[in-house]
Amino acid sequence: MVVLSQPVVDNFCLMKTCKPASSFFPGIPVIDLSKPDAKTHIVEACQEFGFFKVVNHGVPIEFMTRLEAEAVKFFNLPQAEKDKARPPTPFGYGNKRIGPNGDVGWIEYLLIMSSNPEFNSQKSFSIFPENQEIFWSAVNAYVGAVKIMVCEVLELIADGLMIEPRNVLSRLLRDEKSDCCFRLNHYPPCPELQALSGRNLIGFGEHTDPQIISAVRSNNTSGLQICLRDGTWVSVPPDQYSFFFNVGDSLQVMTNGRFRSVRHRVLADSLKSRVSMIYFGGPPSGEMIAPLSSLMEEGEESLYKEFTWCEYKMSAYKTRLGDNRLGLFEKTAGQ
Ligand SMILES: C=C1C[C@]23C[C@@]1(O)CC[C@H]2[C@@]12CC[C@H](O)[C@@](C)(C(=O)O1)[C@H]2[C@@H]3C(=O)O
Ligand SMILES: O=C(O)CCC(=O)C(=O)O
Ligand SMILES: [Fe+2]
């Protein structure tokens, strides 16, 4: 019999659990960016899954491993040291609490504003008093290379949709006022719970990403799951050398519902830590999030009310993680 100590019980009592996945989903679309047909396959994947894996992406593996090592160094610090970093309001270090509305998960994370390097060097974000510079240079090298890849993917999407100009989406991330952010997530293992109940803790509860697109890279620990069109949850086989892309709510709106903003979640592994790094590509605050005119067919009407990214983000931060955020902006009959 496994006896749980009181702190272990306290840690788990607010957390949701889930049966561990028994197998990996073999149908995740794989896009090879070096192939001429990449654009067609990306568009198909965005329509069917809102999710795809990218290989031959051009991001140096060394940038991934260097940042992962820095992240592990940070997450391995004593709790009291990590708590010296600013709280996630919204940028900073967070532990178990996700967002401002009471969501919890078996996770600790650093949420970083990526569009403003000034912010990252501010003392208020101070982590690693001694080697901050090494940490931030690893973040900046990684984020810089990932942003180039994400913009390339957005241009392939425009090509695949046969809309012009081809930078109609990528320009939003390249804009100096773009609102992109970056997240380092650590999901510690949960062996006690697995032993007791045969279930795994939910690390990051189900949600869609509000931005245009997100690019996830993780170590070789599984945990990421996506929800298919029929509502089934499937597990994504981990691949530390590739990127996994999520279509976000904003891209669903910009394609007037042709692309699917994918619901996804992360289960903590019972034995291994998962470390992931996610780049969220968001537009400038004042940008209207509306269907791209070049994509709309004659007589086609927008499925959504008009809103700016700033309005959507403010509304999103009032919601719980699993809420249907876009639902508030869908037009109802006659609107
Ligand atoms: C519960 C929340 C966390 C979140 C803000 C929100 O109120 C709803 C959206 C959440 C999400 C999901 C994708 C990204 O991880 C994130 C940074 C984002 O932009 O929207 C998180 C927000 C967060 O963790 O602060
Ligand atoms: O950690 C992961 O693999 C994904 C996390 C995620 O979906 C998010 O941070 O929005
Ligand atoms: Fe997400």
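This is a predicted model: local features need pLDDT of at least 70, side-chain atom pairs count only at pLDDT 80 or more; totals for chains, interfaces and linings use all residues.
Q225 stands opposite R265, a residue of β12. Residues are numbered from 1 along each chain as its sequence is written, while chains are lettered from A and ligands numbered from 1 in the order in which they are written.

Helices (H or I, at least four residues) and strands (E, at least two) are DSSP runs, numbered from the N terminus. Two strands pair if DSSP finds at least two bridges between them.

**The sheet**

Strands β1, β7, β12, β9 and β10 line up in that order as an open sheet of 5 strands, with antiparallel pairing. At the edges sit β1 (17-18) and β10, each of which pairs on one side only.

| Strand | Partner | Sense | Bridges |
|---|---|---|---|
| β9 (224-227) | β12 (264-267) | antiparallel | 3 bridges |
| β9 | β10 (233-235) | antiparallel | 3 bridges |
| β1 | β7 (200-207) | antiparallel | 2 bridges |

Over at β10, W233 is the bridge partner of C227. Strands β9 and β10 make a hairpin with 5 residues between them, and G231 in that turn has a positive phi of about 90°.

**Helix α2**

Which residues of α2 (residues 38-48) are buried? They are K39, I42, V43, A45 and C46 (buried: 20 or more other C-beta atoms within 10 Å of the residue's own, placed from the backbone). Looking down the axis of α2, you'd find these buried residues within an arc of 165°, so they line one face of the helix (the arc is taken over directions from the helix axis to the C-beta atoms). Their cover includes β2 (30-32), β3 (51-55), α6 (132-161) and β11 (243-247). Just past the end of α2 comes G50, with a positive phi of about 70°.

**Around ligand 1**

Ligand 1 has 17 residues around it, and P90, G99, D209, Y317 and L321 come nearest (near: a C-beta atom, placed from the backbone, within 6 Å). Strands β5 (103-113) and β6 (181-187) are the elements that give two or more residues to this shell. What is the shell made of by class? It has 9 nonpolar, 4 polar and 4 charged residues; Ala, Val, Leu, Ile, Met, Phe, Trp, Tyr, Cys and Pro count as nonpolar, Asp, Glu, Lys and Arg as charged, and the others, Gly among them, as polar.

Terms used. A residue is buried if 20 or more other C-beta atoms lie within 10 Å of its own, exposed if 12 or fewer, and partly exposed in between; C-beta atoms are placed from the backbone. Two residues are in contact if their C-beta atoms, placed from the backbone, lie within 7 Å.
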